[in-house]
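Let's take a walk through a protein model together, one stop at a time. Keep the picture beside you and look for each part as we reach it.

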There are 2 protein chains.
Amino acid sequence: MIGGEALVRSLVASNVDVVFANPGTSEMHFVATLDAVPEMRGVLALFEGAATGAADGYGRMREAPAAALLHLGPGLGNGLANLHNARRSHAPVVTIVGDHATYHKQYDAPLESDIDTVARSVSTWIRRSTRPEDAGADAAAAVAAACGPPGQVATLILPADVSWSEGGSVAPPEPLTSRAAVRAATLDAAVAALRSKENTALLLGGTVLRERGIRAASSIAAATGAELLAETFPARAERGAGIPVIQRLAYLAEMAAGQLDGLRHLILVDTTSPVSFFAYPGKPSDLVSEGCEVTLLAGGGDDAVGALELLAGELGANLEPESGTPSRPDKPTGELGAESIARAIGALLPEGAIVSDEANTSGTFLPTFTAGAPRHDWLTLTGGSIGQGLPVALGAAIACPDRPVLALEADGSALYTLQALWSMAREQLDVTTVIFTNRRYAILRMELARVGATASGQRALEMLDISPPDIDFTALARGFGVPATRPASAEAFTADLERALAEPGPHLIEAVIPSLF
Amino acid sequence: MIGGEALVRSLVASNVDVVFANPGTSEMHFVATLDAVPEMRGVLALFEGAATGAADGYGRMREAPAAALLHLGPGLGNGLANLHNARRSHAPVVTIVGDHATYHKQYDAPLESDIDTVARSVSTWIRRSTRPEDAGADAAAAVAAACGPPGQVATLILPADVSWSEGGSVAPPEPLTSRAAVRAATLDAAVAALRSKENTALLLGGTVLRERGIRAASSIAAATGAELLAETFPARAERGAGIPVIQRLAYLAEMAAGQLDGLRHLILVDTTSPVSFFAYPGKPSDLVSEGCEVTLLAGGGDDAVGALELLAGELGANLEPESGTPSRPDKPTGELGAESIARAIGALLPEGAIVSDEANTSGTFLPTFTAGAPRHDWLTLTGGSIGQGLPVALGAAIACPDRPVLALEADGSALYTLQALWSMAREQLDVTTVIFTNRRYAILRMELARVGATASGQRALEMLDISPPDIDFTALARGFGVPATRPASAEAFTADLERALAEPGPHLIEAVIPSLF
């Protein structure tokens, strides 16, 4: 068996059966194996960023890795931004990067580059298969590494000759590492903080923002009066009717500092201590005020939900019953804008929906109007590198074929990885994309003032406007095989959204709206 | 003066007055400076790969660097593939990557990543400005480094606080390094080979493939009977009526080995010894046969054209007069295909055109039918990372506003960096794009067999087909603001091309053609 086949079969043996691929010559043996190994599903991407972002979305929803197949160093480069986001989401992702044959590297052929160095910037685990005999075991090790805990990007570099040479064998799955239980001392520290009668908050992130974790945290809050906050950009947050609403920490440091103001104890549960997204002149980076004690209850590799439940038990807190009644806003009327779109989404969001949210400034009203919608998952831009939303939606739709996916996209962000639309059309995935077209990098308009760049004028603002010319997203969508509309009113938008959600296959709705900034 | 302004003014002082930009928050002070420094022209890109590829195209045509402004590690990642190509083209490129404020990095904010490591894979020169006092001098040093010789990618990392803090000053240009003259011993070795009466060829690349270098090489060939060959993927080759035609070394190793077969001496002039683009099972990577002696007359940093002229003098060769008469093919008729398109381009290519050629397999007939067209420059895919052609066309059009630009694009390749079309529309550049739509990664169909992946079947081939669904490039072009047509015959294509070349501003013609593979 050649190394490439051993690798693919070993991935399948380790339950990795989807590969988001943008292959080249060095990956032809991997590709050729797809006929011999029908258990592996290949999903073609036109651009590597779509493939790596899809693997992130898949990993977040399935809690098991997909593979992303990339071509040499430049292919990895094209996939790097969404691997950066995946690193921050702690999704399990296996990246397979084809390389030149081992003996060919010395010749510095045109596509030769330092793959290992580039991979290191996003991967906790990197290995280079050097013999076909190792390819299978290396694949199994990559899967185990990707699974963590916490989930991470594991990169396996596969030279072409290792892939095409005989000698490989299928490796069994490696045993997965369990999450670590919370230590008694840590639990005691959290109990002490929560019993101190001083202002205390739990900041929740990672694995905790699902029903079980949220319910445990809510019971603690009810028993102790502690506040609950969620990290700013959760990889996956379960929301909707019956699940207690947890306020997210604001993106704007000024607002986040306000949320944290007056706290004497901050207990971190599967997240890190809050810092400003960017630095701003004269403003603190660390958002925790002096005099507030920070306690890490559970980090990325820990059983954070179990820790919360133990904590609840220690505190004698009763698990909250279902809270909150389903409540949807009325369908909006009148002018189309960020608020009416949020109302329409809140009115129509289907049961079990997965929302990939990269609406950025235009998404301001979404949390409020969707809180009482039926149960759904909300996926956000974890690493701050825009161009994640459409690929994540693609991956989530592959991971959960029975659930509707809604991609909420700022126009500027959508343009980094718009090629994901084509993969949605090719796979006929049930993804509805809403483009919030305000024709500018609105957040940069805001940031320009926040960083104190006050001397700017028309020429600077032109660098933040993505018009003229106006971009026509309905034409772009149709070009990629996705039917699209551009409704002119809130009523028309709502009707289009209802239809898109009801019909199978991908749809895109372009909403041209005034910018909030 | 703040560091950001010192940097921009120092770039301008060093004659860098164009920045291809896709900025974010960390680059807001650079952007804000554009109003104070009107000499610097900002060209906005919707995706970083368009910006870095444009800087490559600009550098190739202007032989002086433009800057590419990128946002943190992920922005550099998105630009990496075309920086890889730029590294191979030896175009001078200054990359400015904004980073978090120096004191903010410790907090591992979401967008924090290892920029230096990623930059190292494509940049010969990397520096991190650490004080506003240094920003101007660092910019001047980056320009000098980018200029080489040979040209290279120089990356300057600019922390946000260095950019926004006072203390900067404008730095004067650094003196540029001259190209090194050829050494007497090297010249003697080449003379001996050329006088040996044994089969000898000169392989020309880099700076040599312009009129002066080609003419010197041709005179040597005429005087000695030596063969002339050009490297496979020149960064810039001057061609057309009056310039001797130099055959390029074939992409396919089998064909290239045939071209080199029987040689006893191979003299390299501003290029490297020929190797196979990829390795193939059982085939050699080194294309030079045993018994052929390789002599490097001039490398990347040397005055290669001067060396050729000295060599011609030593050999008593007379500089060739203008050779070749202008000859254009007739306008094609009948079915549209790779050959009829090449004929149409040969019939219509305007004087002084710049051709960015990423037609790949569909470009097979182009060299033949354009050899006798009026004088033009031909830019190719230097580093093998597809998605270079449209950005290079964008950059060339900014570099040479008075020259028509023709981008010849394979459909699969165009889809990596299609966002470049929007920048062409925004700047109203005179770029005509021809998309060769064969709806597959045709080269991979060929490579699948060449690497011996013979067991492949339908599922493998589906990974090489970019249909279904069919991609509609006219819709995509219109979506980005570029008028587009899809002619159905050779006559209609020719008419559309004639109109597109005659009208100012960008145009796109989609040619749906049978695949050659």
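In chain B, helix α3 passes helix α14 in a right-handed crossing; a crossing is right-handed if the near helix is turned clockwise from the far one by less than a right angle, and left-handed if anticlockwise. Helices (H or I, at least four residues) and strands (E, at least two) are DSSP runs, numbered from the N terminus. The two sides of this contact include B:Gly53 and B:Tyr58 of α3(B), and B:Leu394 and B:Ile398 of α14(B); here two residues are in contact if their C-beta atoms, placed from the backbone, lie within 7 Å. By class, the contact of α3(B) with α14(B) holds 12 nonpolar, 4 polar and 2 charged residues. In this scheme Ala, Val, Leu, Ile, Met, Phe, Trp, Tyr, Cys and Pro count as nonpolar, Asp, Glu, Lys and Arg as charged, and the others, Gly among them, as polar.

A word on the numbering and the model itself. Residues are numbered from 1 along each chain as its sequence is written, while chains are lettered from A and ligands numbered from 1 in the order in which they are written. This is a predicted model, in which local features need pLDDT of at least 70 and side-chain atom pairs count only at pLDDT 80 or more, whereas totals for chains, interfaces and linings use all residues.

Stay in chain B and find helix α12, residues 338-348. Because 10 of its 11 residues are buried, the rest of the structure largely encloses this helix. A residue is buried if 20 or more other C-beta atoms lie within 10 Å of its own, exposed if 12 or fewer, and partly exposed in between. Among the buried residues of α12(B) are B:Ile341, B:Ile345 and B:Leu348. What do the buried residues of α12(B) pack against? Their partners are α13, β16, α20 and β18 of chain B.

Now move over to chain A, which is divided into domain 1 (3-164), domain 2 (184-314) and domain 3 (338-512); such bounds come from an automatic or database domain assignment. Taken over C-alpha atoms, the centres of domain 1 and domain 3 of chain A are 28 Å apart. Each of these two domains of chain A puts 26 residues into the contact. On the domain 1 side that touches domain 3 of chain A, α3(A) provides the largest share, 11 residues.

How do the chains meet? In the contact between them, 85 residues of chain A touch 85 residues of chain B. The side of chain A that touches chain B gets the most from α4(A), with 8 residues. That side of chain A has 47 nonpolar, 27 polar and 11 charged residues.

Helix α4 of chain A is also the place of A:Leu72. Most residues other than glycine have a negative phi, and most peptide bonds are trans. A:Leu72, however, is not a glycine and has a positive phi of about 55 degrees. It counts as buried because 27 C-beta neighbours lie inside 10 Å. A:Asn360, in the loop between β12 and α13 of chain A, also has a positive phi, near 50 degrees.

Finally, look for two cis peptide bonds in chain B. One joins B:Pro149 and B:Pro150, with omega about -5 degrees, and B:Pro150 lies in the loop between α6 and β6 of chain B. Another joins B:Pro468 and B:Pro469, where omega is about -10 degrees.
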